Amino acid sequence: MQLPLVSILIPFKNTERFLNDCLDSIRIQSYENWEVLAVNDHSTDHSLSLVHGYADNDNRIKVFQNEGKGIIHALRTAYGKSSGLLITRMDSDDIMLPNKLQVMVDSLRRNGSGHLAVGQVEYFSHRGVSDGYARYEKWLNGLTAAGKNYSEIYKECVIPSPCWMVFREDLNACGGFGPNRYPEDYDLTFRFYAEGLKCIPSNQVLHRWRDYDTRTSRTSKHYAQNYFLDIKLHYFIELDRNPQRPLAIWGAGKKGKEIAKGLQKRRLDFYWLCDNPKKIGKQIYGKTMLHYSELKALKNPQSIVTVANEEAQKMIKTYFAEMGLKHMADYFFFC
């Protein structure tokens, strides 16, 4: 029986020092029925000639020029040139574990369409991995092990951009790479969630995620915190907000203020709660700050929580539980 073709979409720009590691890790995959659609996003180093060298020696590797500019257009170009039944994305500075494609293909073949294959990830860096990335890795892998990625979707991106695989028909149903919305990986994750694609649990590390100072997620304005907050609010309103219920924001820090401004921009009303006695009773952006106990006076409320402190989050969860409120239905953690 013919094994399904896997299309690996790889945008690349000025990553010549990492491309050998990336492409070599693909060429030694135990699963061999794949094609690489490598799209040059206007590189100014020797990346293009390096990839052409690989393509000359392996006809499964195909090289194209970006038909637009930026990673979204590069992904569209790659996807438009692809022909696989199964689709995955790869970052040009990362490394696949040798069994990555095999594990993900097997997962999808067992579970069928309507599912999303994911894998655990491991950060690595020449200078060592920061505490922040180590915590993110642990948190993300914990979700992936249980297949409960969407349960924390409003906190951070819960599907690692270079470690998922999906049936082409399901990616098409999600809109492919159509939206011009950054960060593009988080946007696609929300569309997987909206389409109801089920994450297949995985307890295996399948991908090594490289961290370095000039990676796009560190340098591009499209990956700044305000973009993440805006995309969270956009999809919360579209997918989980019930306009018949009162809405409350918890927290008046920087993120709380950004969410408040986002709601006001959309002309959506809300109550603003906190436990800071210096702020309670004062006005911010024309809204009076209320003590969080005022939530009990609201009829069937929904809450956006922007409080990052872990101990405070535990207290808030306990408070919600005492009110009989449920996570991802009645309250949503945005950090």
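Start with the second largest cavity, which has a volume of about 50 Å³. Keep in mind as you look around that this is a predicted model.

To find that spot, select R89, I159, S161, W164, F177, D185, L188, T189 and F192, the residues that line the second largest cavity. By class, they split into 5 nonpolar, 2 polar and 2 charged. Now colour α7: this helix gives 4 residues, the largest share of that lining.

Two elements, α3 (71–81) and α7 (184–195), each give two or more residues here, and α7 has the largest share with 3 residues. This lining holds 4 nonpolar, 1 polar and 4 charged residues.

Next, the sheet. Select its 6 strands and follow them in the order β13-β14-β12-β11-β15-β16; this is an open sheet with mixed pairing. Stop at β13 (283–284) and β16 (331–333): each has a single partner strand, so one side of each lacks a neighbour in the sheet.

Zoom in on β11 (residues 247–250) and β15 (residues 302–305), which run parallel and are joined by 4 bridges. Click L247 and you'll find Q302 of β15 standing opposite.

Helix α11 (residues 310–322) lies across β11, β15 and β16, running at about 170° to β16.

Definitions and conventions
Residues numbered from 1 in each chain as written. Predicted model: local features only at pLDDT ≥ 70, side-chain atom pairs only at ≥ 80, totals over all residues. Heavy atoms only, no water. Pairing = 2+ DSSP bridges. Contact = heavy atoms within 4.5 Å. Axes fitted to C-alpha atoms, helices over the stretch in contact; angles between N-to-C directions. Nonpolar A, V, L, I, M, F, W, Y, C, P; charged D, E, K, R; others polar. 1 Å grid on protein atoms, 1.4 Å probe; cavity = no way out; pocket = protein on both sides within 12 Å on 5 of 7 lines; lining within 4 Å. Points joined across faces, edges and corners; volume = space filled by probe spheres on them.
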